[in-house]
Structures are given as structure tokens and as C-alpha cells.
Amino acid sequence: VAVTVYDRISRAYDVLAERPERSCRERAIAALRVAVGERVLEIGAGTGHGVQTLSRLVGCDRQVIGLDRSAGMLKSARLVLASHPNVRLVRGDARRLCFAAGAFDAVLMSFTLELFDASDMARVLAEVARVLRVGGRLSIVALAEPRESNTITTLYQWVHAHFPSIADCRPIDLPAVVECAGFQVRGEETMRMCGLLVAVVIAQMPA
Ligand SMILES: C[S@@+](CC[C@H](N)C(=O)[O-])C[C@H]1O[C@@H](n2cnc3c(N)ncnc32)[C@H](O)[C@@H]1O
């Protein structure tokens with residue numbers, strides 16, 4: 001994943017992406033059913049809007065952690081989250097999470113898992129499984145592979161193949177990826193974002 005791209009676009013990211021992505025991310029957060037007091041991590045927290053919503057849900061005395069590898073995105077997130085003292089932003093790599101086993105009740109990933117190639121996706125999900133407590137939930141929203149031909153997704157995939165720094169998310173079969181990593185899919189839905197298919201999956205590790 002070319003994190004330097006995110007460093008470069010961090011100040012413009014919200015103008016480019018926040019409007020289309022917001023409703024999909026909010027669905028993924030709703031599916032997570034976060035309760036007051038829970039410990040929640042967003043991986044690839046970007047400019048911090050997901051962390052902001054999560055922090056309202058867990059209550060002021062609890063810490064939500066947003067992790068991102070891009071210093072630029074974290075800088076933008078600090079501005080968005082200036083009035084949220086209970087959140088913690090951490091610079092780190094999703095493939096090697098700097099948290100203890102079982103540290104979280106819930107983990108969110110929004111338009112981030114599909115940035116990784118297949119082997120790194122497996123590493124990221126193994127790390128998620130490690131940092132979730134037994135019975136903890138994972139919610140992911142990602143660009144989805146269309147089940148039938150979809151012109152806009154085909155066009156997006158062409159741009160991704162030729163200009164990966166512009167269209168860096170790769171549509172994936174999200175339920176299959178999550179199950180392959182050993183999670184059980186508890187719920188899934190599909191949405192549209194600018195004509196592109198988007199999947200939301202909620203999953204848990206079997207006890
Ligand atoms: C498409 S943005 C999504 C941001 C945010 N989740 C949202 O919904 O607006 C993907 C984010 O993943 C971050 N990222 C990329 N590779 C990463 C890695 N290896 N570890 C942690 N974050 C990473 C990028 O810096 C970027 O902020």
C-alpha cells in the first residue's frame with residue numbers, strides 16, 4: 001500500500017471522499033452495535049470521521065483508538081478530532097498491530113482492507129483476530145466484486161490496474177476473504193457508492 005499517496009492527499013481527502021464514503025462507513029459502524037464503555041479500534045482511521053462517530057457511541061470516559069500508517073492522514077484526523085479528548089490516534093501498520101491480545105471488543109475497517117494484496121489481507125485479519133477479545137466483533141466496509149457485470153466497477157478496475165495510485169482500492173469478495181481468515185460472517189449487506197458496489201460484513205471468530 002502506497003501510504004505516501006495518503007500523505008500527499010490528506011488535506012484534500014475529505015473533499016474528495018468523505019461525502020460518498022460517509023453513509024457506507026456509518027452503516028458499518030451501525031452494524032458493529034457498539035455499546036457504551038466498549039474498547040474499539042478503527043484500522044486505517046484516515047481523517048478520523050469514523051473514530052468521531054465511534055467515540056460518541058462508547059461515551060466520553062472511554063478511549064476509542066484510531067490507527068493509521070500515514071502521518072498526513074493522522075494530522076488531518078487530529079484537526080477533526082480536536083474536541084474529542086477521549087480518542088487516541090496511533091501511527092502504525094495494520095499488518096503488525098501494536099496492541100495486546102484481546103485488547104478490543106470491536107474493530108472497524110472502512111475502505112482499508114481492499115488496499116492490501118491477498119497475503120497482506122490475511123496478515124491484517126490475523127492481527128485483528130489476535131487483538132479482539134473472545135466474542136469480539138469485526139465490521140468491514142469495502143468495495144465489492146460485482147456478482148454480475150457492472151460497467152462502473154469494470155471501469156474502476158481498469159483504472160486500478162493502470163493507475164493504482166489514483167484508484168487504490170481493489171474490489172474484493174469480502175465475505176469470502178473474511179471467512180478464509182477464520183471469521184464467521186454474522187451479517188452482510190451491499191450498498192452502492194457512486195455506482196460502485198460496496199459490501200458491509202460483520203464477523204466474529206468462532207469461540
Ligand atoms: C481509503 S482510506 C480510508 C480512511 C477511513 N477509514 C475512511 O473511511 O474515510 C485508507 C486509509 O488506510 C490507511 N492505510 C494504508 N495502509 C495502511 C497500513 N498498512 N496500516 C494502517 N493504515 C493504513 C491510509 O493511510 C488511509 O488513511
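In this predicted model, the largest nonpolar core gathers 65 residues, and the ones with the most contacts inside it are L41, I43, F99, V107, L113, I140 and L174. Nonpolar side chains do tend to be buried together in soluble globular proteins. Taking L113 as a case, its contacts beyond four places away in sequence are M121, V124, L125, I140, I172, L174 and V177.

Next comes the sheet. Its 7 strands run in the order β3-β2-β1-β4-β5-β7-β6, making an open sheet with mixed pairing. β3 (87-91) and β6 (184-193) sit at the edges with a single partner strand each, so one side of each has no neighbour in the sheet. Ignoring direction, neighbouring strands are turned by 15° against each other on average. β5 (residues 132-143) pairs with β7 in the antiparallel sense over 7 bridges, and A142 stands opposite A199 in β7.

Two helices pack on this sheet. Helix α2 touches β4 (104-110), β5, β6 and β7, and its direction makes about 160° with that of β5. Helix α5 (residues 118-131) touches β1 (40-43), β4 and β5, at about 145° to the direction of β5.

Just after α2, R33 adopts a positive phi of about 45°.

Notes. Residues are numbered from 1 along each chain as its sequence is written. This is a predicted model: local features need pLDDT of at least 70, side-chain atom pairs count only at pLDDT 80 or more; totals for chains, interfaces and linings use all residues. Side-chain values use heavy atoms; hydrogens and water are left out. A nonpolar core is a set of buried Ala, Val, Leu, Ile, Met, Phe, Trp, Tyr and Cys residues joined through side-chain atoms within 4.5 Å. Buried means under 20% relative accessible area, exposed over 50%, partly exposed in between (1.4 Å probe, protein chains only). Contact means heavy atoms within 4.5 Å. Helices (H or I, at least four residues) and strands (E, at least two) are DSSP runs, numbered from the N terminus. Two strands pair if DSSP finds at least two bridges between them. Axes are lines fitted to C-alpha atoms, for helices over the stretch in contact, and angles run from 0 to 180 degrees between N-to-C directions.
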